[in-house]
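My notes follow the display.

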Amino acid sequence: MSEEVKLRVSQIEKSFPGVKALDKIDFSVRKGTVHALCGENGAGKSTLMKIINGIYKPDSGQIFIDEKPVQVKDPIQGQSLGIAMIAQELNYVPEMSVEENLFLGRLPVNKFGKVNWKEVRQKTLQFLKEEGLNYKPDQKLKTLTVSDIQMLEIIKAISNDAQIIVMDEPTSAITQKEVELLFKKIGILKEKGVSIIYISHKLDEVFQIADDITVFRDGTVVKSMRAESTDINEVIALMVGRKMENVYPKEEIKIGENLLDVKDLCSDCLYENVSFHLQRGEIIGFAGLVGAGRTEVMRSLFGLDGISSGEVLISGKKVCIKNVSSSIKNGMIMLSEDRRRYGIIPVRSVMENASLSSLDQFVYGGYTHRKKEKTTVGQYFDKMNVKTPTLNTSIRSLSGGNQQKVLLAKWMLRNPDILILDEPTRGIDVGAKFEIYKLMTEMAKAGKGVIMVSSELPELIGMCDRIYVMCQGRIEGELHKDQFSQEAIMKFATGTC
Ligand SMILES: Nc1ncnc2c1ncn2[C@@H]1O[C@H](COP(=O)(O)OP(=O)(O)OP(=O)(O)O)[C@@H](O)[C@H]1O
Ligand SMILES: [Mg+2]
């Protein structure tokens, strides 16, 4: 493996109002290697990557490519310097088509500046064929799933002939099979001498593909090392600054009466005959491969999409779920998996985002009781360790994981009876995951019920009382605690039982 340094940054500093995101960062990536960046939410990983890619300008410091100093003014210039990036937040325009997205910033134009759409179409078709993707070039992005869009972003970055590719949480929304495909592609890129900077909170993935690992904490580099000379425990300890024991704070809780009964729920073509129940004090899991229909079932339950037949009972009483506000009235809330599309209001402050659906708690005689709003929101933020300079900071300036925690706080404020969490720990660091698990346990202890949809089998096994496994729109199996194992889940998930 090469010792040659492809990219080096020296003494990079960057501040945002109220926070020093990066403090004198020195960091280098070798040619033809995968360099993983690890660190808690808000440690500064994405900020450094955005500086390398030209989205942000550093306050001071220098970037070198092949030991030559460079200035990256914007991502287009980044592209011409051979830098490509798969961003953490999928910032797509829903109305944009697949081909427009693929050629964004590099549309072929003639000498009069007119776009050659015929060429775009041809290249897109060829490209989709090569990659084995069956989307139509003029298909709008809003018709694709999060996983499709993420795969498109990955392929777009790879196709750019870049020498340095930044992947910021590339596997947060893709299937296991796609992860394997991505890792194969990374292997090929490495052989071609491409350097890859890989950011992930999934440390097992990091150890699978990284040659080097750098750990960030609070805007500084704690340590850079060869992957073979360290292990997961050391990386976690370096990230959080302490040793973590007992990752899953699951407690024995007395299970009460039925809180939710779902009977034979059907939707035209997304799922069929889905029946399950949730009791007070329970945490139940929904496992399955991406596309198995778990999110679709939860969306219907929460009133986001309709059903074609079936019954839902809450505490034994039949309810008619018409829309989200009727579900919320029935004591049900849901943290959606695609937080960009359904979750945050980017321009609003973290406090407004958190208190938005609970304003009734703070309004008296037509006036909002700001102090109460502030204290209550503040309490939840403390509990969940939300890292934000102030409550008035706009949510879009928070790190990815911290945005997630704000959304969870928003729902916790409603004190729901039934909490549906769709991939709640995606993109969240180990410390914050623990906080979320603790909250789930607290909810269960208070006699409420939690449904967790997750693709992380260890967390399902660690936190749930029962697990339902879905495959192709049906519940294929139900596992009780003494039957839990990754193999048992995968058998049902792949329909090989
Ligand atoms: N545009 C911005 N405006 C203000 N503050 C910002 C902005 N971007 C990032 N920050 C702050 O800089 C710090 C570092 O954020 P960054 O997004 O780099 O973290 P991260 O390591 O990528 O975290 P995560 O694992 O959650 O993605 C955070 O405190 C964040 O709130
Ligand atoms: Mg980030």
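The entries below take the sheet, then the pocket.

I worked on a predicted model, where local features need pLDDT of at least 70, side-chain atom pairs count only at pLDDT 80 or more, and totals for chains, interfaces and linings use all residues. Residues are numbered from 1 along each chain as its sequence is written.

Sheet. I found 6 strands in an open, mixed sheet ordered E6-E7-E8-E3-E9-E10; strands are DSSP runs of E, at least two residues, and helices runs of H or I, at least four, numbered from the N terminus. Pairing requires at least two DSSP bridges between two strands. Strand E6 (83-86) and strand E10 (220-226) are the edges, each pairing on one side only. I looked up E3 (residues 34-39) and E8 (residues 195-199): they pair in the parallel sense over 4 bridges, and Ala36 has Tyr198 in E8 as its bridge partner.

Helix on the sheet. I noted that H8 lies across E3, E9 and E10, contact being heavy atoms within 4.5 Å.

Pocket. I then turned to the second largest pocket, which is lined by 44 residues. A pocket here is an open set of points on a 1 Å grid over the protein atoms alone where a 1.4 Å probe fits, with protein on both sides within 12 Å along at least five of seven lines; lining residues have an atom within 4 Å of a point. Lys202, Asp204, Glu456, Leu457 and Pro458 lie nearest the centre of this pocket. H8 (232-240) is one of the helices that each supply at least two lining residues.

Conventions:
Chains are lettered from A and ligands numbered from 1 in the order in which they are written. Side-chain values use heavy atoms; hydrogens and water are left out. Axes are lines fitted to C-alpha atoms, for helices over the stretch in contact, and angles run from 0 to 180 degrees between N-to-C directions.
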